[in-house]
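Subject: Structure for your review

Dear colleague,

Please find the sequence and structure below. My notes on strand pairing and salt bridges follow.

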Amino acid sequence: MPAELIDGIAVAKLVRADVARDTEALVRRGVTPGLTVVLVGEDPASAVYVRAKEKACIEAGMKGTTIRLAAETPQAELLALIDRLNADATVHGILVQMPVPKHIDPQAVILRISAAKDVDGFHPVNVGRVWIGEKTGFAPCTPAGVMVMLERAGVEVSGKNVVMLGRSNIVGKPMVSLLVAASATVTVCHSKTRDLPSVVRGADILIAAIGKPEFVTADMVRPGAVVIDVGINRVDDATLAKGYRLCGDVHFASVSEVASKITPVPGGVGPMTIAMLLKNTVRAATQGLPQGPGQGPA
Ligand code: NDP
């Protein structure tokens, strides 16, 4: 029987509705949550993401600002801009769109953003807070979005064998910390994993984030497993006018025949990332306020 689809567009819509409600409550208290995105250079894919983030902020009633800098902007100038944004009380979240041009050290950029405004959740302080379960930490948006999707799809994580395919700092590793906090038994696979198919077959829940088109095939998936596909890959397709199609790291057609639930690409994890970015920004705005009973968003 084909797997049930976990619809990321629908779940993201629910999260964004929550965000809009929380934003309204903050605006009533005189605070408009503000996200500033900094884009260095003209990478076309980054420009698309940045526009989508600004639009989503505005739709939720927040302030979305994009600062565009020339590709040759010196690192010192970018860091000075971050210092100004850190000091600006109307800016609650700061995001520098990655990748940055080669002459800029991405880690220096991440370290410069105040942890309290690091709504991407990449600053080591937030990485540490999330690991130790400190509630003020910001979890990176994509893994946080996966957790919300699992919850909304009624998938129990506690006690399950979860295989995390990929160990990047933006997806795999933070995903592991959230899964461990949710009491899953987690196995992490990467390019050095031996006999990867048999490890992956042990998963009750499989999360794929390796950037390899349709890598996970049906024979690697235990019947009835839940499959979350984080991958977004472009593959050539001469039958389409645009010349390419998007696909995930999972071979959807075959795996959806054995899995119990599965996320599609596009329309799966992707829409959750921006929704969680908005959620983190509202939290950042809330955490900056004096707290009292019934004052902050739930
Ligand atoms: P990275 O390239 O940073 O990391 C890839 C990981 O996959 C690495 O840990 C690597 O192992 C592992 N890997 C690569 N090839 C293999 C293989 N053949 N077998 C086993 N492991 C392998 O990728 P990201 O985490 O940044 O992104 C992964 C995918 O998720 C991409 O398609 C990306 O576009 C997508 N993505 C989607 C987002 C969304 O919003 N839905 C957000 C972010 C990413 P090793 O560490 O050993 O090199």
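**Strands β2 and β4**

Strand β2 (residues 34–40) runs parallel to β4, and 4 bridges join the two. The model is predicted, so local features need pLDDT of at least 70 and side-chain atom pairs count only at pLDDT 80 or more, while totals for chains, interfaces and linings use all residues. Residues are numbered from 1 along each chain as its sequence is written, and side-chain values use heavy atoms, with hydrogens and water left out.

The bridge partner of V38 in β4 is V96. Within strand β4 (residues 93–96), G93 and L95 point one way, whereas I94 and V96 point the other way. All four of these residues are buried (under 20% relative accessible area, with exposed meaning over 50% and partly exposed in between; 1.4 Å probe, protein chains only).

**Salt bridges**

A search of the whole structure finds 11 salt bridges, each defined as a side-chain nitrogen of Lys or Arg within 4 Å of a carboxyl oxygen of Asp or Glu. Side chains of opposite charge can pair when their charged atoms come close.

D18 forms a salt bridge with R152, and their closest N and O atoms are 3.9 Å apart. This pair links distant parts of the chain, since D18 lies in helix α1 (residues 8–28) and R152 in helix α6 (residues 141–152), 134 residues apart. D18 is partly exposed, at 23% relative accessible area, and R152 is also partly exposed, at 46%. A network of salt bridges links D18, R21, D22 and R152.

D204 and R222 meet through their side chains in a salt bridge, at 2.8 Å from N to O. D204 sits in the loop between α8 (196–200) and β7 (205–208), and R222 in the loop between β7 and β8 (226–229), 18 residues apart. The relative accessibility of D204 is 21%, which counts as partly exposed; R222, at 36%, is likewise partly exposed.

The side chains of E214 and R245 form a salt bridge of 3.2 Å, N to O. E214 belongs to the loop between β7 and β8, while R245 is in strand β10 (residues 244–247), 31 residues apart. Both partners are partly exposed, E214 at 26% relative accessibility and R245 at 29%.

Yours sincerely

Technical notes
Two strands pair if DSSP finds at least two bridges between them.
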